[in-house]
Amino acid sequence: MFSAIPAFSKKGDIIVADEGVHWGIQNGLYLSRSTVVYFKHNDMDSLSKTLENITSKYKGTKNLRRYIVVEALYQNSGQIAPLDEIIKLKEKYRFRILLDESNSFGVLGSSGRGLTEHYGVPVEKLDLITAAMGHALATEGGFCTGSARVIDHQRLSSSGYVFSASLPPYLASAAITAIDVLDENPNLLTKLKNNIAVLWKGRL
């Protein structure tokens with residue numbers, strides 16, 4: 001996400017971000033040089049008011065790109081973003097959504113496909129989804145998904161693509177194998193959710 005954000009949002013653009021986003025996203029927000037406005041962590045009333053204020057303040061401004069940046073499963077709090085509500089606000093105020101699925105991919109949803117599957121939201125409703133592969137997939141690197149037009153732009157404009165080496169083939173192969181393992185063994189997700197329930201019970 002740290003290289004994807006600056007690829008799309010530039011100086012003069014507006015980013016509305018959850019105040020609880022992890023360091024990598026914060027770094028991306030800084031590098032974009034955009035105007036960043038934070039809303040209270042996972043608070044949809046705060047997000048709604050923030051979007052309304054920005055829409056009113058910049059009414060009539062041309063060529064202004066506006067984004068909402070959130071994590072699916074917050075690294076710093078463990079909370080899940082209410083994606084269904086965020087989508088409604090996105091459509092109401094005409095913002096784009098950048099969603100980080102680093103901690104939710106391979107964890108949330110009936111088959112581990114993340115927050116969109118967890119809420120039953122079509123991925124087409126989101127403009128860009130990013131995820132690191134160093135969590136559930138136990139490898140390195142990351143990926144971005146979106147429309148062909150969005151990804152073509154990100155591929156050519158992202159500093160992470162232009163100024164770094166390609167992922168070594170064995171790491172890409174490890175990620176593919178990990179996804180295959182998840183597809184072939186849905187019981188792994190069931191076991192994970194049971195383990196999470198046990199941990200939460202012990203915590204309480």
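1. Basis. The model is predicted; local features need pLDDT of at least 70, side-chain atom pairs count only at pLDDT 80 or more, and totals for chains, interfaces and linings use all residues. Residues are numbered from 1 along each chain as its sequence is written, and side-chain values use heavy atoms, with hydrogens and water left out.

2. Fold and size. The chain contains 9 helices and 6 strands; these are DSSP runs numbered from the N terminus (helices H or I, at least four residues; strands E, at least two). The radius of gyration is 17 Å, which agrees with the value near 17 Å for a compact globule of 204 residues. That radius is taken over C-alpha atoms, and the globule rule is 2.2 Å times the number of residues to the power 0.38. The C-alpha trace spans about 50 × 45 × 25 Å along its principal axes.

3. Surface and contacts. Buried residues make up 42% of the 204 in the chain. Here buried means under 20% relative accessible area, exposed over 50%, and partly exposed in between (1.4 Å probe, protein chains only). The accessible surface comes to about 11,700 Å², and 54% of this belongs to carbon and sulfur atoms; the areas come from the Shrake-Rupley method with a 1.4 Å probe, and for residues only the protein chains shown count as cover. Of the contacts (heavy atoms within 4.5 Å) between residues at least 6 apart in sequence, 63% join residues at least 24 apart.

4. Charges. There are 23 positive and 20 negative side chains, and the centres of the two sets lie 8 Å apart. Lys and Arg count as positive and Asp and Glu as negative, while His and the chain ends are not counted. Each charge is placed at NZ of Lys, CZ of Arg, CG of Asp or CD of Glu. How many salt bridges does a search of the whole structure find? The search finds 3, a salt bridge being a side-chain nitrogen of Lys or Arg within 4 Å of a carboxyl oxygen of Asp or Glu.

5. Arginine 65 and aspartate 13. In this salt bridge the closest N and O atoms are 3.0 Å apart. The partners are 52 residues apart: arginine 65 is in the loop between α3 (44-57) and β3 (66-71), and aspartate 13 is in the loop between α1 (4-8) and β1 (14-18). Arginine 65 is partly exposed at 33% relative accessibility, whereas aspartate 13 is buried at 4%.

6. Helix α4 and the loop between α5 and β5. Lysine 90 forms a salt bridge with aspartate 127 (3.9 Å, N to O). Lysine 90 belongs to helix α4 (residues 83-93), and aspartate 127 to the loop between α5 (115-119) and β5 (128-132). Lysine 90 is buried at 14%; aspartate 127 is partly exposed at 23%. Lysine 125 and glutamate 91 also form a salt bridge, with the closest N and O atoms 3.0 Å apart. Lysine 125 lies in the loop between α5 and β5 and glutamate 91 in helix α4, so this pair ties together parts 34 residues apart in sequence.

7. Glutamate 101. This residue sits in the loop between β4 (96-100) and α5. Glutamate 101 is buried but has no salt bridge, and the nearest side chain of opposite charge, arginine 113, is 11 Å away. Residues that glutamate 101 touches include Ala72, Leu115 and Ile129.

Notes. Lists of a residue's contacts leave out its neighbours within four places in sequence.
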